[in-house]
Structure formats: structure tokens, C-alpha cells
Amino acid sequence: MMGRQSGQLSMMVMDLSKLIPNNHLLRRISQVISFDFIYEILEPYYPSNGRPSIDPVSMFKMLLVGYLYGIKSERRLVQEIQLNIAYRWFCGFELADKIPDHSTFSKTRLRKWNESQLFQQVFLEIVRRCVKSGLVDGKELAADGTYLPANVSRDSWIETEAEAELSMQSYLDRLDEELSKQPGFKKPSIKTIKKRRTTSKTDPDSGCINHGKKSGIGYLMETTVDCKCGIITGVDVYPANEKESLLVLRHLERQIQNGVPMQNIALDRGYDTGAVHRGLELLGITGYIPAIQWGNPKFCVTAKSGANREKFIMGGRRVKRLPPC
């Protein structure tokens with residue numbers, strides 16, 4: 001006999017967690033990370049009386065779902081969470097619960113979350129928990145910079161003029177202090193000049209880059225990864241016209257202050273500068289950086305030391321001492 005659904009409504013009590021596979025990504029995340037610390041971060045931004053707000057942890061998990069599964073539209077994100085049982089369960093919504101409207105979600109994200117620097121604090125806290133749980137050990141790390149084009153129209157590009165100070169480049173406080181104690185050091189006088197900069201009217205924090213195939217308006221993202229489990233331990237974003245080798249030491253120092261252990265780090269040849277080498281030494285990090293191979297022909301330099309004259313052949317950073325002339 002052919003079976004047919006009756007179409008009648010029935011009442012039942014269901015535990016959504018039993019419907020989620022054990023190897024599902026969201027279940028694995030929920031087993032190792034508790035997001036309850038978000039309540040403490042956001043507590044000063046909510047009044048003690050009045051109507052209860054939508055759970056901020058649930059809204060944060062909604063944003064995490066959108067990031068993990070490539071859902072870039074807030075309208076679509078609300079629809080997907082409404083239909084997908086795994087998304088509902090992870091965000092803490094029962095089958096009968098109404099999903100927050102996209103406009104409420106957007107206003108909360110732009111107001112309370114940006115004002116409280118929630119994203120940055122959540123990232124730092126999760127990194128600290130990864131260190132505590134042993135997912136990050138600092139024995140092998142890698143850092144690099146990546147150019148990210150800004151999502152702006154070329155018609156919005158403008159030339160701006162701003163005052164800039166010409167002074168000694170600061171890599172690291174301890175390195176600056178060490179340089180100032182060198183014999184003959186003289187701190188250069190600070191001069192103010194007017195400098196032109198290409199940026200965008202709609203994204204004024206971006207900068208212009210023109211380096212090989214990389215050109216346009218965008219940002220420079222400096223990222224560090226611990227190689228044990230592939231955990232990102234630090235991310236900093238700068239205008240695209242900044243230089244990686246000038247920023248990496250501050251980038252690493254901030255991670256050390258957050259409790260990230262660092263023993264060995266791999267960097268590409270763009271970081272092969274004396275300041276970076278010495279800065280890593282001051283931070284207690286062993287750096288592995290390929291040497292820059294200079295294309296200039298070798299040349300001779302004659303040096304005098306008292307009555308002796310010596311010749312040095314300089315090929316890139318390597319210096320070979322020859323027998324006295």
C-alpha cells in the first residue's frame with residue numbers, strides 16, 4: 001500500500017544537538033571554545049535596566065557563521081540561519097525562536113561592537129586560549145605581509161596633501177634606545193614637510209601601492225601563523241603604502257605582550273635588513289630569513305687602518321677580506 005504524509009501538525013520536544021554530526025565544524029568549535037567572555041567585554045555598553053536585548057553572543061556567532069561559510073550578505077545570513085538547523089543550534093536559537101532582523105544585526109555590529117573594539121578583543125582572547133590549551137607553542141612561526149585591494153571605484157581616487165614629520169625611523173623601543181647610545185649618534189632634527197598621498201574619498205584609511213604587479217588603492221595586512229596547528233596569532237592592517245620590514249617588529253612585539261610564545265620565525269627576503277635582524281635578537285626570537293641576492297657587480301673598496309691598507313670585495317651583504325696589498 002502506498003504511504004502518504006497525513007499533513008497533520010504534531011507537538012514534540014526535540015534536542016537540536018542530536019541532529020548535528022559529531023564531525024561538523026560548528027560542533028567541533030563549540031566543544032573547545034566558550035564565547036561567554038563576550039558578556040564581560042560588552043557589559044559596560046548595555047544599561048542595567050530596561051527590556052532585555054538580543055543575546056550578543058548569539059549575534060556574534062551569527063557573524064562567525066557568515067565568515068566560515070562565505071555568507072557576505074547580512075540579509076542572506078539571517079535567511080540561512082533561519083533554514084539551517086546546524087546554524088540555528090550553534091547560534092543558540094531553538095526551532096521556534098525568531099532570528100534577529102538584518103537591520104538590528106547591522107546596527108548592533110556598527111555601533112556597540114565597533115565602539116567596544118569587540119572583534120579585536122575576541123581575537124586576542126581566543127589566541128590566549130589557544131596558547132593555554134597547547135594549540136600554539138611558538139616553536140615554528142611564519143609571518144608575511146599581503147596586499148589587499150580596497151573595494152572602491154577608481155573614480156574615488158584623490159590626491160591629498162598632509163603634513164608629515166621627517167625623523168628617524170622607529171622600529172622598536174629597545175632598538176631605538178640601543179641606537180641612541182652608539183658613539184657619535186646624533187638625533188636628527190625633526191622637520192615638517194607637506195606630502196602628497198593618493199587615497200580614496202570613500203575609504204580614506206587606504207593607501208596607494210605601485211610595486212611590480214601590485215598597484216592600486218588598498219591595505220597591507222601583516223599576519224603571523226603558528227605552524228603547529230595553523231593558528232593565526234596576530235593580524236595588523238596598515239595602508240598599502242607602508243613597508244613590511246618597518247612594521248614587523250612592532251607586529252611581533254604586540255603578540256608577545258598578548259602572551260604568544262615565540263622561538264623561531266620564518267620571514268621572506270623582504271625582511272632582510274639590519275634593523276629586523278637586531279630587533280628579532282632583542283625580542284629573543286631566532287629568525288630565518290633568506291639573504292637578498294644583489295644584482296650589482298662586485299666592486300673593490302680600499303680601506304686604511306694606520307699604515308696598513310686592506311681591500312674588501314663587497315658582494316651584497318657579504319664582505320670578504322683579502323690579503324694586504
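Predicted model: local features only at pLDDT ≥ 70, side-chain atom pairs only at ≥ 80, totals over all residues.
## Overall architecture

The protein chain holds 10 helices and 11 strands. Of its 325 residues, 31% are buried. Among contacts with a separation of 6 or more, 61% join residues 24 or more positions apart. The accessible surface amounts to about 22000 Å², and carbon and sulfur atoms contribute 51% of that area.

## The largest pocket

The largest pocket has a volume of about 1800 Å³. Its lining comprises 35 residues, of which L64, Y67, F119, F123 and I232 lie closest to the centre. Two or more lining residues come from each of α1, α3, α6, α7, β5 and β6; α7 gives the most, with 9 residues. By class, the lining divides into 25 nonpolar, 5 polar and 5 charged residues.

## The second largest pocket

The second largest pocket has a volume of about 420 Å³. It is lined by 17 residues, and those closest to its centre are I209, H211, E242, K243 and E244. At least two lining residues are supplied by each of β1, β4, β5 and α9, with the largest share, 4 residues, coming from β1. This lining has 5 nonpolar, 6 polar and 6 charged residues.

## Helix α10

Helix α10 spans residues 274-283, and its buried residues are A275, V276, G279, L280 and L283. These residues lie on the same side of α10 because they cover an arc of only 130° around the axis. They pack against α8, α9, β7 and β8.

The face of α10 turned away from the buried side carries the exposed residues G274 and E281. Just after the helix, G284 adopts a positive phi of about 80°.

Note on methods. Residues numbered from 1 in each chain as written. Heavy atoms only, no water. Buried < 20%, exposed > 50% of the residue type's maximum accessible area, 1.4 Å probe, protein only. Arc of directions from axis to C-beta. Contact = heavy atoms within 4.5 Å. Areas by Shrake-Rupley, 256 points an atom, 1.4 Å probe, with all protein chains shown as cover. 1 Å grid on protein atoms, 1.4 Å probe; cavity = no way out; pocket = protein on both sides within 12 Å on 5 of 7 lines; lining within 4 Å. Points joined across faces, edges and corners; volume = space filled by probe spheres on them. Nonpolar A, V, L, I, M, F, W, Y, C, P; charged D, E, K, R; others polar.
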